[in-house]
Structure formats: structure tokens, C-alpha cells
Amino acid sequence: MSETMPGPRRTRRDLLRAGGVLAAGTVGWSALAGTAHALTGHSVLDSADCKFYYEPTGNPVTLQFNDTFYNQLCTWKRWTSYNVPTTWGSPVEAYSYGAYVNKPGMHGEGRAFDLARYNFRNSSGGVNHLSCRYDQWRGTANEAYLRPRYWGLACSLARYFQHVLTYYDNSDHHNHIHADNAIYGSPTNATYKTSSTSQTYIVQAACNFVWGLGTGVDGSWGPETSGDSTSVLRRIGQSSGTVASSGANWTAFCAATFRKAMKTEDY
């Protein structure tokens, strides 16, 4: 099945086979005339019913993206909508700190996105919140509820993008999750590298906070991380290898973690 056009919600078997702000409500286009990268403004993520909002103000916003990265992000959004419980409805709000920002790196090319909150709403008006605002919910009564969802969301992004930065990476990411396509932007190319501290944080935190394995989170690959993540793979039906041995294992781990965190499937 094409990643660009998901079909009906998939079963476990299917899954395993498989900066600058302007007053006009536009984030990051103050230097567009001087950038060498072609950028396009978007006020919605993929469809008119999922709008972008600027997290610091809560106002609707137009973000500037590299076209390829924006299309990859839309594919990710569609995948999430097909892998949450049917009662959740569809994604309707993506609160962000920005995409293109006039600075070096992926943000400067419009190939990065900082996600603060991601909300779903069903036909009855019920809302399910996914919050990346660790700075707001850590140490609160909601932490046990929001943290598994946070790491499920991180895994959904890690299924598409190698560079996913979370609150374990540094304090700059205590209020958002960063994703970019510097290496890849599709599950077809996805890999896990044991040398990646950021990816290892995601593996360890997923094992700990979603799968309940008590895995230590230090960003270093070792016997405990290998053993716990492999036990998850066996639990979800991957019969051999580790998350590092194949892209299929890595994407299966990420997909199942998202689905479990959202209570789509218990495994």
C-alpha cells in the first residue's frame, strides 16, 4: 500500500508487513527573498480541517515549508489519523513553534518542524490531546497520562524522520518535538542507528513509558536497551532481529509503540 495514500485502518498484521514571527500571522518568512530554498506557505496540515497554530500566541498561522518536506509531513499526518482509535476522529490542530526560520540548518531550508501540540476531534466534539509541552506537564497529575502519548507521538515521527529531538536531548526541546528530513523522510528509508543518541532516547523511553519495561534512559545502546526493545519486537510479531538490524523492525517498533500509546491496540 502506498505511504502517500493510506487506505482503511490497518491491522497488526498489515502494520508488520509493511524563529522570526510577522504580525500577519506568518512564521518565518521575513528572509524569504534572500533564501536560496524554494518555500511555500501553508496554513493547514494536509487538509482544511487540520489548521496550524502558533504555540506562543494560540493564533492561526501560515508556516513556510520546503515542498518535499511538507508533503512528507502530510503523509505522516495521514498515517497517524489511520492509527488512532476510531473514536478519536481526525487531527484538527497542529500547534507549532515554526518550520522555516532564518537561521542555519534544516529550519533555514524549511525542512524542519517543531510540534508543540497535536489534537484530534471526533464528530461529537470529543477532543484527544497529544502534548509535547513537557515543560508544562512534568511533575503534574497529568504526567502519567500524557507522557506515554508523548513517546508514542515521538515514535510516529521517528518512523518517518531520522532526526527527531525530544526533551531528553536538551532543555530547548522541553516545549516541542523537532523533526526534519536531513537524512530521510519516509518509512521506506528508515533505519535505527545505535550510535544515535536521539534515536536511542526514543527507543529507551518507548520501552519504559509505553511498554512498561523499566528501561533506563541514558541515550546509550547496550544490553538492556537491546534486550527490552527486542522483547517488544517479539511481542508485536517480529520473529527475528533487533530494531537495529532492519528498517522493517525499526518501523514496526515505532508503529506499534504509537498504536499502544494511543490505546489503538494493546498487543
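This is a predicted model: local features need pLDDT of at least 70, side-chain atom pairs count only at pLDDT 80 or more; totals for chains, interfaces and linings use all residues.

**Aromatic rings and their surroundings**

The structure holds 26 aromatic pairs, a pair being two rings of Phe, Tyr or Trp (its six-membered ring) with centres within 6.5 Å, called stacked if the planes are under 30 degrees apart, edge-to-face if over 60 and tilted for the rest. One of them joins Phe65 and Tyr70, a tilted pair with 5.3 Å from centre to centre and 50° between the planes. Phe65 is buried at 0% relative accessibility, and Tyr70 is buried at 7%, where buried means under 20% relative accessible area with a 1.4 Å probe and protein chains only.

Residues are numbered from 1 along each chain as its sequence is written, and side-chain values use heavy atoms, with hydrogens and water left out.

Tyr150 and Trp151 are both buried. The charged end of Arg117 lies over the ring of Tyr95, 3.8 Å from its centre, and that of Arg147 lies over the ring of Phe209, 4.0 Å from its centre; the criterion is NZ of Lys or CZ of Arg within 6 Å of the ring centre and within 35 degrees of the ring normal.

Of the 267 residues of the chain, 55% count as buried.

Conventions
Buried means under 20% relative accessible area, exposed over 50%, partly exposed in between (1.4 Å probe, protein chains only).
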